[in-house]
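Please read the following report alongside the sequence and the model.

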Amino acid sequence: MVIGIPIMGYPRHMPGFNALQTSRVSEVHDNTANSRKEELKHKYQANSIRDFPKSVGVLVRNPAFVLLCLSAALDYLLIEGTATFGAKLLQQFFGVDLPTAGTIMGGITVPGAGGGMLLGGWIVKRWSLSVRGIMRMCMTFTLLSLLSSPAFFAHCSRKPMAGVDRVYPLNSNVSSGDVSLHLTSDCNAGCNCDTQGMEPVCYRGSTVFFSPCHAGCASVLNKKGTKTYFNCQCTLGNFTAQNSLFGAIPEAEIDLVSGSCVETCVFLYVFCFLFFCIMVFTFATMSPNITAVMRCVPFNQRSQAVGLQLLAARGIGTTPGPVLFGVIVDSACVVWQESACGSRGQCWLYDQQHLALYIMAWWIGLKLCGAACYGFASLVYNPPERPEEDDEKEEEGEKKTGLIENEL
């Protein structure tokens with residue numbers, strides 16, 4: 001409200017408005033007869049509630065406008081889902097803690113999105129692209145973003161989890177082909193373990209247990225903030241520790257240490273670079289898309305066209321985006337949280353290969369649809385015909401526009 005006060009001080013039209021309108025070259029999509037165009041010009045001004053449905057109908061019958069709205073909605077569908085679960089993907093793919101993952105995603109998306117929007121707007125202004133040129137540019141950027149889609153296959157291999165990826169070291173009753181159903185084994189059957197909370201522990205840098213309980217550990221030592229576990233029945237190196245209260249445990253005899261045996265790999269940096277490229281190429285279409293929308297509709301319907309585009313982006317993209325992306329992510333889950341009442345909670349562990357494959361397929365599918373929308377929009381777009389003798393008038397109008405801009 002405070003910012004609105006100085007905005008109210010602006011006049012209805014800026015200086016030079018009439019001269020600019022006179023010299024402006026119309027790029028409105030032409031899909032009507034002369035009589036219909038006159039009707040649109042004089043009648044459907046959307047100045048009253050009664051004219052609103054007619055004005056909306058005119059916009060909906062504009063195929064170029066509809067395809068531009070759909071392409072923008074598809075981008076929002078991808079962006080919102082990825083933004084919601086981006087930190088979780090980093091956590092699963094590279095084993096980084098959630099605060100660090102959020103910081104990394106913010107460091108990628110903010111400059112990538114801002115830089116992409118500035119890049120797209122600069123290209124349109126630098127080469128004075130027409131509406132059809134903008135559509136083709138957006139299609140090119142959308143296809144370029146596909147080249148970075150393999151970013152989701154860049155991940156650090158996690159250590160195998162006992163009972164999920166491999167049998168328990170001391171378990172001889174479970175076959176290696178059916179380990180996903182046996183977090184509970186002979187060695188921890190009497191511990192009454194559950195999956196309400198995940199507390200991974202690392203066994204000598206090679207195997208991860210879902211929790212100390214699932215490793216059958218009976219004792220724990222907390223020394224300088226690091227927990228070490230011993231007397232673990234599910235490990236090959238279980239033993240009876242002596243003098244545990246005084247911390248006199250030989251290092252070679254310590255069974256498990258809290259953590260997931262995570263080792264940072266170079267693929268984290270590969271992912272960051274490729275995902276930054278995805279953000280730049282995706283957001284480079286945002287500003288040009290709105291520019292094309294405002295040019296391909298009648299001047300008096302521009303505000304309404306932008307409003308309808310934002311409505312489509314929210315309805316098709318922003319709102320269902322996180323839900324659909326969450327369904328895709330959950331489809332790769334291998335260990336679910338089980339609450340006390342028996343209902344299923346959040347997912348604790350994912351299959352990295354399947355998760356990467358599902359997400360990349362989602363991105364490629366929607367990006368191809370978005371590129372197709374821009375391509376069809378450039379084909380169906382029909383700019384108004386202008387006689388050849390008007391070319392000189394256009395040049396004079398451009399000169400006048402330049403003079404007016406210099407004065408402003």
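## Strand pairing

The model is a predicted one, in which local features need pLDDT of at least 70 and side-chain atom pairs count only at pLDDT 80 or more, while totals for chains, interfaces and linings use all residues. Residues are numbered from 1 along each chain as its sequence is written, and side-chain values use heavy atoms, with hydrogens and water left out.

The open sheet consists of 5 strands in the order S2-S1-S5-S4-S3, with antiparallel pairing. Its edges are strand S2 (207-209) and strand S3 (217-223), each of which pairs on one side only. Neighbouring strands of this sheet are turned by 30° against each other on average, direction ignored.

## Helices H5 and H9

Angles here run from 0 to 180 degrees between N-to-C directions, and axes are lines fitted to C-alpha atoms, for helices over the stretch in contact. The axes of helix H5 (residues 63-94) and helix H9 (residues 286-296) come within 10 Å and cross at roughly 160°. H5 and H9 are therefore roughly antiparallel to each other, a label for angles over 145 degrees, whereas angles under 35 count as roughly parallel, 65 to 115 as roughly perpendicular and the rest as oblique. Their crossing is left-handed, which is to say that the near helix is turned anticlockwise from the far one by less than a right angle, clockwise being right-handed.

Contact, taken as heavy atoms within 4.5 Å, involves residues of H5 including Phe65, Leu68 and Asp75, and residues of H9 including Met286, Asn289 and Cys296. By class, this contact of H5 with H9 has 9 nonpolar, 2 polar and 1 charged residues, where Ala, Val, Leu, Ile, Met, Phe, Trp, Tyr, Cys and Pro count as nonpolar, Asp, Glu, Lys and Arg as charged, and the others, Gly among them, as polar.

## Helices H6 and H8

Helix H6 (residues 98-126) packs against helix H8 (residues 267-283) at an angle of about 35°, with the axes 7 Å apart, and the crossing of H6 and H8 is right-handed. Among the residues making the contact are Gly112, Gly116 and Leu119 of H6 and Phe275, Phe276 and Phe283 of H8. The contact of H6 with H8 has 13 nonpolar, 3 polar and no charged residues.

## Annotated segments

An unreviewed UniProt entry places the feature "transmembrane region" at residues 58-79, 99-122, 266-285 and 355-377; such annotations may be inferred rather than shown by experiment, and the positions are given in the numbering used here, with feature names shortened. In the model, residues 266-285 are 85% helix and 0% strand, with end C-alpha atoms 30 Å apart, and residues 355-377 are 100% helix and 0% strand, with end C-alpha atoms 33 Å apart.

Key: Helices (H or I, at least four residues) and strands (E, at least two) are DSSP runs, numbered from the N terminus. Two strands pair if DSSP finds at least two bridges between them.
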